[in-house]
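The structure comes first, then the notes.

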Amino acid sequence: MDELRDLAAALVSVPSHEDETAAGDRIESWLRGETDADVTRDDAGNVVARVNPGVGESLALVGHHDVVPPADRQTTDGGDYVVETRDGRLYGRGAADMKGAVAASMLAFRDAAADADSEVVFASFVGEEIGGEGVRAALDDGLELDYAVVAEGSTNYTGPDRTDVVVAHRGRRASTLVASGTACHASEPERGENAVYRATDAVDVVRGLSVPDAEVLGRPVSGSLAVTEIDGGSAWNVIPDRCEVTIDERTVPGGFADLALAAEIEGVEWVVEQDLPPMACDDADFAERVLDAARSVHEARGDAEPEQTTKPHATDAGWLAQAGTTCVVYGPSEPGEAHTRDESVSLDVLARCYETYRDLVEGW
């Protein structure tokens, strides 16, 4: 599908790792020129388009147009992103995560929303890569969506040649244990309080914590917990008065590790730096409806049959679900493809996703 390839390539070429304005301009102008939708751009830079606003229960196709910083090979001398098409794939920063999916969603919205009976929404947010700043701003401004298909990666999760329907994903809580002590000369350690010792006592607590599991629509989701950094001390002959322990925690719907127990050690404080919520689809009928549409498209194309599954990574679906939107994730990116120096997306899978989005929107 040449139009899908060209639109995806055009979006990928626009730098959006530091400032998403130009990418948002491209999306907004295309929607205004190609659709009769009510298109808005909020102060954060999010682009939202609506057909049949306020009619029935809404269905949204959701993406984001910010990206992580590119590798040197992914930029031109002029600062644009390098875009290449070869071997049936589109290469460039953001091709997989997730401007290819944004392009597929835009075309599906244009081609099918006019045939819907209820409200259909296209939304592309800013700031997803830095904690969901765009979607959070939109929700704070009153954005309400009943149902959403978030077009993050779900391809080849249960096997090759399929795009699966994700009914749950993990969240991420990033936190720090800060141990304080009293510095003194290391020749007389009894005169001080060693912050590193307090920190290692806290690490022992972390190692003994259980990690919760959950089940969403019959699919298991398991959390994880790991100490990833320890930083303390200033010199070989000084008892340290401060030590910080960094913790990466992958959370599940309804469950966290009890990290507050580590802060019960004297001189240890627990500080949560970031808490990206997990997602759980709360409507089995909607999840099945999306799966039925996906299966129909896969069968017509001769692709393997998709399944419902879970995803290990946090997405904007977590924020939407927390606000009351029923979500699933369905998109072209494959495991291990996003954020790489050779990031790419299959053009055939982009077309598969476009067809599924279009079929879902038609007659909504």
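The end C-alpha atoms of residues 167-254 lie 15 Å apart, and the span is 15% helix and 50% strand. Helices (H or I, at least four residues) and strands (E, at least two) are DSSP runs, numbered from the N terminus. The model is predicted: local features need pLDDT of at least 70 and side-chain atom pairs pLDDT 80 or more, while totals for chains, interfaces and linings use all residues. Residues are numbered from 1 along each chain as its sequence is written, and side-chain values use heavy atoms, leaving out hydrogens and water.

**Record**
- UniProt, in an unreviewed entry, places "domain: Peptidase M20 dimerisation" at residues 167-254; such annotations may be inferred rather than shown by experiment.

**Domains**
- The domain assignment (automatic or from a database) gives domain 1 as 1-170 + 278-363 and domain 2 as 171-276.
- Their centres, taken over C-alpha atoms, are 36 Å apart.
- Contact (heavy atoms within 4.5 Å) involves 17 residues of domain 1 and 17 residues of domain 2.
- The two domains bury about 1,300 Å² between them, 68% of it on carbon and sulfur atoms; buried area is the accessible area (1.4 Å probe) lost on putting two parts together, summed over both.
- R170, P278 and Q308 supply 42% of the area that domain 1 buries against domain 2, more than any other three residues.

- Three strands form an open sheet in the order 4-5-20 with antiparallel pairing, where pairing requires at least two DSSP bridges.
- Strand 4 (84-86) and strand 20 (344-346) are the edge strands.
- Strand 4 pairs with strand 5 (residues 89-91) over three bridges, and L90 is the bridge partner of T85.
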